[in-house]
Amino acid sequence: MLIEMPRRTEIFGSVKIHELQRVLKIDSGGFENPRAKDIPFEEIKNVLRHFAIIIPVKNEKIHLLDGVLRAIPFDCSIIVVSNSGRETPDTYKMEQDVVKNLHDLTQQEMFIIHQKDPELGFAFYDAGYEDHLLDKDGLVRDGKSEGMIIGMLLAKSLGKDFIGFADADNYIPGSVREYVIDYAAGFCMSESPYSMVRLNWRYKPKVVEDKLYFKKWGRVSETTNKYLNLLISTHTGFETRVVVTGNAGEHALTTKLADLLSYSTGYSIEPYHFVYLFDRFGMGAETITNTDADAANAGIEIFQIETLNPHIHEEKGEEHVNNMLLGSLQTVYHSKLCNDYVKSKVLEELGDILEWGKPKENIIMPSIRKIDIHNFVKMLESNADTFARFERGAIESEGEKTEHLKG
Ligand code: GDP
Ligand code: CO
């Protein structure tokens with residue numbers, strides 16, 4: 001891959017945020033120049049072998065999920081975490097069939113589990129995580145970030161070094177393939193074991209009067225970015241626009257960083273990555289634990305990459321967009337770094353969307369570092385009916401297959 005060098009890097013305490021980098025060529029010829037970095041495909045492949053891609057899915061068109069699954073590079077492991085309907089017609093069953101069928105044809109390593117599997121509830125309870133993720137019935141709550149946590153635990157149990165996310169509602173499989181390669185390129189450039197890659201799109205293609213129009217990407221993202229940047233600017237005294245990926249659903253991180261972070265619920269999980277890192281590792285922050293000190297010494301690197309492919313996904317309406325804005329700005333509002341000036345700006349911005357007097361605090365799920373991963377997965381393997389694992393390479397006999405695919 002040939003990728004632009006970041007023009008600048010904003011250093012905020014131990015957090016290093018690189019300016020947006022464009023993908024110049026997905027496949028390149030080994031020509032280095034001062035403005036671009038060439039990353040040989042072999043290096044990218046080395047990262048892919050230690051990579052798990054998590055696909056959160058809730059009632060998406062099955063053809064879209066199928067395309068996304070087929071697009072993920074073979075060397076990665078795939079983990080599908082579904083919160084789709086189980087009533088007839090059983091959407092989850094369809095998803096499981098698609099995964100199984102693709103595994104039969106490709107022998108790629110794949111896992112699928114349902115978010116509401118009661119055994120997941122027990123496993124989280126056993127891990128002492130019940131207050132953070134479960135509802136009153138002892139099941140995992142609804143929500144994309146809740147699904148992402150499940151996926152991250154499975155990725156950890158596989159001993160993966162890198163964890164990435166790909167939405168299931170993407171219309172262009174070729175773009176999903178590029179995202180994963182872009183993630184890997186980011187990790188090839190990283191100098192710290194604590195790093196994250198976030199993707200950015202230039203355009204949001206729309207059909208306007210029968211023609212394809214390349215509209216600039218996202219109103220919500222722009223607003224989220226503005227306030228995340230303001231948190232930095234008000235502390236350094238220098239205006240910055242470095243953050244352009246506040247709402248990047250498509251992102252990846254090292255397992256070491258995944259263990260370090262706490263996670264916000266719903267659609268505020270992505271902007272909260274920044275808020276958490278600013279609060280804990282930003283300018284003037286004090287490190288508390290040894291792990292924190294290790295990360296602070298190594299530095300936490302954030303790469304932002306502009307993809308070559310556009311992003312075309314399912315449109316989910318105005319309400320969804322407003323919830324995303326509210327979730328994002330709530331995390332900013334409750335940041336330790338948010339001073340009265342930024343607070344008043346956030347309130348002004350939210351205006352009508354805000355039904356209560358003040359922005360609520362999002363529920364924060366603490367680090368998953370302490371969860372005993374072997375015990376967690378052992379519980380799922382022995383009892384979770386919706387959990388199906390398809391290992392890489394082994395051509396199984398019929399008997400073994402039904403053993404793996406319970407339920
Ligand atoms: P947007 O693209 O950020 O506007 O958000 P989407 O609504 O497309 O959601 C992103 C991804 O998360 C999609 O693949 C959804 O199907 C999936 N998703 C949404 N809600 C849930 C949920 O409660 N659980 C899981 N596991 N996935 C979800
Ligand atoms: Co989407």
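Trainee: What's the relative accessible area of Arg-241?
Mentor: Quick caveat: this is a predicted model, where local features need pLDDT of at least 70, side-chain atom pairs count only at pLDDT 80 or more, and totals for chains, interfaces and linings use all residues. Residues are numbered from 1 along each chain as its sequence is written, chains are lettered from A and ligands numbered from 1 in written order, and side-chain values use heavy atoms, leaving out hydrogens and water. Arg-241 is exposed (over 50% relative accessible area; buried is under 20%, partly exposed in between; 1.4 Å probe, protein chains only). Its value is 69%.

Trainee: Which residue does Arg-241 meet in a salt bridge?
Mentor: A salt bridge here puts a side-chain nitrogen of Lys or Arg within 4 Å of a carboxyl oxygen of Asp or Glu. For Arg-241, the N to O distance is 3.5 Å. The partner counts as exposed too, at 67% relative accessibility: Glu-239.

Trainee: How far apart in sequence are the parts that Lys-61 and Glu-314 tie together?
Mentor: Lys-61 and Glu-314 form a salt bridge, with their closest N and O atoms 3.1 Å apart. Lys-61 sits in the loop between β6 (51-57) and α2 (62-71), and Glu-314 in the loop between β15 (300-306) and α12 (317-333); helices (H or I, at least four residues) and strands (E, at least two) are DSSP runs, numbered from the N terminus. So the pair links parts separated by 253 residues.

Trainee: Are Arg-141 and Glu-146 buried or exposed?
Mentor: Their side chains meet in a salt bridge, 3.1 Å from N to O. As for accessibility, Arg-141 and Glu-146 are both buried.
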